[in-house]
Amino acid sequence: MPKLCRICGSACICAFSFIAAASAENSFNYNRTYDLSTAPQLKIVTYAIDNLKADETGTLASGLALLDADVIALNESSKEMTSESFSQAVKELSRLIDYSYVLSDKTNDGNCSVGLISRYPIENVISINYQDINQHLPPILCAEIKLPQFDSPVLFLNTAFENNEDLESKIAAVRSINDFVKNQNDNSDAITDKELKIKVLTGNFNDTANGPVLYELSRYFNLVDSQSNEDFRTYPALNPALDLSHILTYRGQVWETSAVTVIKGNQGHMPWQEFASHLPIFATLKLIEQ
């Protein structure tokens, strides 16, 4: 026997019963707006640690702890750092600063070069393989983290593209990301309602902000940048020429950028340029519309 709608009293599928069902499934209020003074805040770092040596991990951990970020996205895409050494570095950094960590699945050739460390527990994780791409790209790491100041879980996606000019494969990789975040029917058992949740994308995209990769991403994501024409060159660390690492937010949300900067030189008395061939980006964001 069909259930009666508790609003209109009939066995119907009305707007009221749909809203009630949706509210039962989703405990968060998407499309919620905030005043800037009370908006939830996120502090995030993205860093390509492609040359980090084991004896430098402790020093780097001290620097990352001083940044006091909520989430740190780590990646590498060079031959200078093996998959095993990258994985060990992520685990050790998380241990030293008392954060949680997660790594992406390995590729068929055993490569793992994407990880996240988080101040807050990481609740659900999936790795998404790129489709129809010839390169040996690591999977897209998608981690769901419930930050206490946010009403909705936040999905953090992290990736690393190879350092080459193979534009066709890079565009295909971007479309795999876009397809995942927009497809409401593509929910895994671990992560549901992803089309409604807050999403942040980070990584070493090996392309500049004015390049075709970031242009393709801009269909679904907004680049976190500065309004003051700040210099975002991150590579090579010793003499930066190219902005290759980026932080992006999904266009389903509206954010206010409180601060965003490339951490350069000896900022904070740390030799950031010595840990990797890239420099990290640090951003503080406030959520204005969920």
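## The chain as a whole

In this predicted model, the secondary structure of the chain comes to six helices and twelve strands. Of the 290 residues in the chain, 52% are buried.

## The six-stranded sheet

Six strands form an open sheet in the order S3-S4-S2-S1-S12-S11, and the pairing within this sheet is mixed. Strand S3 (100-103) and strand S11 (254-262) each have a single partner strand and stand at the edges, so one side of each is left without a neighbour in the sheet. On average, and with direction ignored, neighbouring strands of this sheet are turned by 20 degrees against each other.

Within the sheet, strand S1 (residues 41-48) and strand S2 (residues 71-75) run parallel and are joined by five bridges. Helix H3 (residues 83-96) lies across S2, S3 and strand S4 (114-118), and the angle at which H3 runs to S3 is about 165 degrees.

## Packing of H2 and H3

Two packed helices are described by the angle between their axes and the distance between the axes. For helix H2 (residues 57-67) and H3, the axes come within 9 Å and cross at roughly 50 degrees, which makes H2 oblique to H3. The crossing of H2 and H3 is right-handed.

On the H2 side, the residues in contact are Thr57, Gly58, Leu60, Ala61 and Leu64, and they meet Ala89, Glu92, Leu93 and Leu96 in H3. Sorted by class, the contact of H2 with H3 has six nonpolar residues, two polar residues and one charged residue.

Where in the chain is Ala39 placed? Ala39 is found in the loop between helix H1 (15-25) and S1. Is Ala39, at 9% relative accessibility, buried or exposed? Ala39 counts as buried, because its 9% relative accessibility falls under the 20% cut-off.

Leaving aside residues up to four places away in sequence, Ala39 touches Tyr34, Lys286, Leu287 and Ile288. Ala39 and Trp255 are 216 residues apart in sequence, while their C-alpha to C-alpha separation in space is 9.3 Å.

Notes. Residues are numbered from 1 along each chain as its sequence is written. This is a predicted model: local features need pLDDT of at least 70, side-chain atom pairs count only at pLDDT 80 or more; totals for chains, interfaces and linings use all residues. Side-chain values use heavy atoms; hydrogens and water are left out. Two strands pair if DSSP finds at least two bridges between them. Helices (H or I, at least four residues) and strands (E, at least two) are DSSP runs, numbered from the N terminus. Axes are lines fitted to C-alpha atoms, for helices over the stretch in contact, and angles run from 0 to 180 degrees between N-to-C directions. Contact means heavy atoms within 4.5 Å. Buried means under 20% relative accessible area, exposed over 50%, partly exposed in between (1.4 Å probe, protein chains only). Angles under 35 degrees count as roughly parallel, over 145 as roughly antiparallel, 65 to 115 as roughly perpendicular and the rest as oblique. A crossing is left-handed if the near helix is turned anticlockwise from the far one by less than a right angle, and right-handed if clockwise. Ala, Val, Leu, Ile, Met, Phe, Trp, Tyr, Cys and Pro count as nonpolar, Asp, Glu, Lys and Arg as charged, and the others, Gly among them, as polar.
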